[in-house]
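Dear colleague,

Please find the sequence and structure below. My notes on selected local features follow directly after them.

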Amino acid sequence: MAALPVPQLVLVLLLLAGCGGPGAAGRRRKEMVLSEKVNQLMEWASKRSVIRMNGDKFRRLVKAPPRNYSVIVMFTALQPHRQCVVCKQADEEYQILANSWRYSSAFTNKIFFAMVDFDEGSDVFQMLNMNSAPTFINFPAKGKPKRGDTYELQVRGFAAEQLARWVADRTDVHIRVIRPPNYAGPLMLGLLLAVIGGLVYLRGSNLDFLYNKTGWAFAALCFVLAMTSGQMWNHIRGPPYAHKNPHTGQVNYIHGSSQAQFVAETHIVLLFNGGVTLGMVLLHEAATSDMDVGKRKIMCIAGIGLVVLFFSWLLSVFRSKYHGYPYRYV
């Protein structure tokens, strides 16, 4: 290669210095691509808090570099023919979370919320080897998703507050969940007060019903059964009602882990506990009541049958959640 004269060499060096060299040109191209991606996402987010994506959008805006923003993606199956009830329930909570972020004063382009429906992006499901929905994954600004970037839906549930805590753990973005006003609680309270007021007004001269031990015992028993069956856990965690496998169509009402549960599981356990309790009440009445011997025998047999049957079902649920549990009743 022939050496350049000094003046030409100086000119070439000045041009390279002015242009920044090949590396600077590449950086500028990346910055332009990144700016276009961010502007596109911001434009879509201004119209809809959860950005719907197909395969092309997902590969270009989520998978392909460069990226200096995180994307929370819900993979779901919302079409009616998929019959995914949990997907619809999770989508409602996800929309609440995304809207809380979109209309927050702290809103930035650091994080975006997106959705990939199976019928619009089945190739994405195949690419990620995903066979269940709904699934939440955080795609961080740098690197690939790690194990903790996949949300543990079966353990935490899909309540917006739980999702917000997970987002804060993975992205350091804290979102204050703001729910639409719900008037069901005040209406029920007002109805209850109206019923109580009506009873007091109609029976103002006879309030003996307030001293009815059977009524108070029944109300207390209902409350105890609801709490011991897991209603408070459902209220805090917001688990799905049940789980339907999108491929086999099989619906599971009992969660297979001892660390989580479904809402339907709570109702089932409540029913079983109620059956055992009813059996014990019948046995007590059969032993202490003044009825004739024949009726007391019938009550005793019915009570024993209820206790044996429902307690056996309770043990079967326990065995399905605590694998290897050695005991059974029937």
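Asn 129 lies in the loop between helix 5 and strand 4; helices (H or I, at least four residues) and strands (E, at least two) are DSSP runs, numbered from the N terminus. Although Asn 129 is not a glycine, its phi is positive, at about 55°. With a relative accessibility of 67%, Asn 129 counts as exposed; the term exposed stands for over 50% relative accessible area, buried for under 20%, and partly exposed for values in between (1.4 Å probe, protein chains only). The loop between helix 5 (122-127) and strand 4 (135-139) also holds Pro 134, and the peptide bond joining Ala 133 and Pro 134 is cis, with omega about 0°.

This is a predicted model, in which local features need pLDDT of at least 70 and side-chain atom pairs count only at pLDDT 80 or more, while totals for chains, interfaces and linings use all residues. Residues are numbered from 1 along each chain as its sequence is written, and side-chain values use heavy atoms, with hydrogens and water left out.

A cis peptide bond also runs from Pro 65 to Pro 66, with omega near 0°. Pro 66 sits in the loop between helix 3 (55-63) and strand 2 (70-76).

Asp 172 is a residue other than glycine with a positive phi, near 65°. Its place is in the loop between helix 7 (160-171) and helix 8 (184-202), and Asp 172 is exposed, at a relative accessible area of 59%.

Helix 7 also packs with helix 4 (residues 85-102): their axes come within 9 Å and cross at roughly 55°. Axes here are lines fitted to C-alpha atoms, for helices over the stretch in contact, and angles run from 0 to 180 degrees between N-to-C directions. Helix 4 and helix 7 are therefore oblique to each other, oblique being what remains once angles under 35 degrees (roughly parallel), over 145 (roughly antiparallel) and 65 to 115 (roughly perpendicular) are set aside. Glu 93, Tyr 94, Ile 96 and Leu 97 of helix 4 meet Ala 160, Leu 163, Ala 164 and Val 167 of helix 7, contact meaning heavy atoms within 4.5 Å.

Finally, helix 12 (residues 293-321) has 29 residues and reaches 42 Å from its first C-alpha to its last, close to the 42 Å expected at 1.5 Å a residue; the expected span is 1.5 Å times one less than the number of residues. Among the buried residues of helix 12 are Met 299, Gly 303, Val 307 and Phe 310, and what covers the buried residues includes helix 11 (263-288).

Yours sincerely
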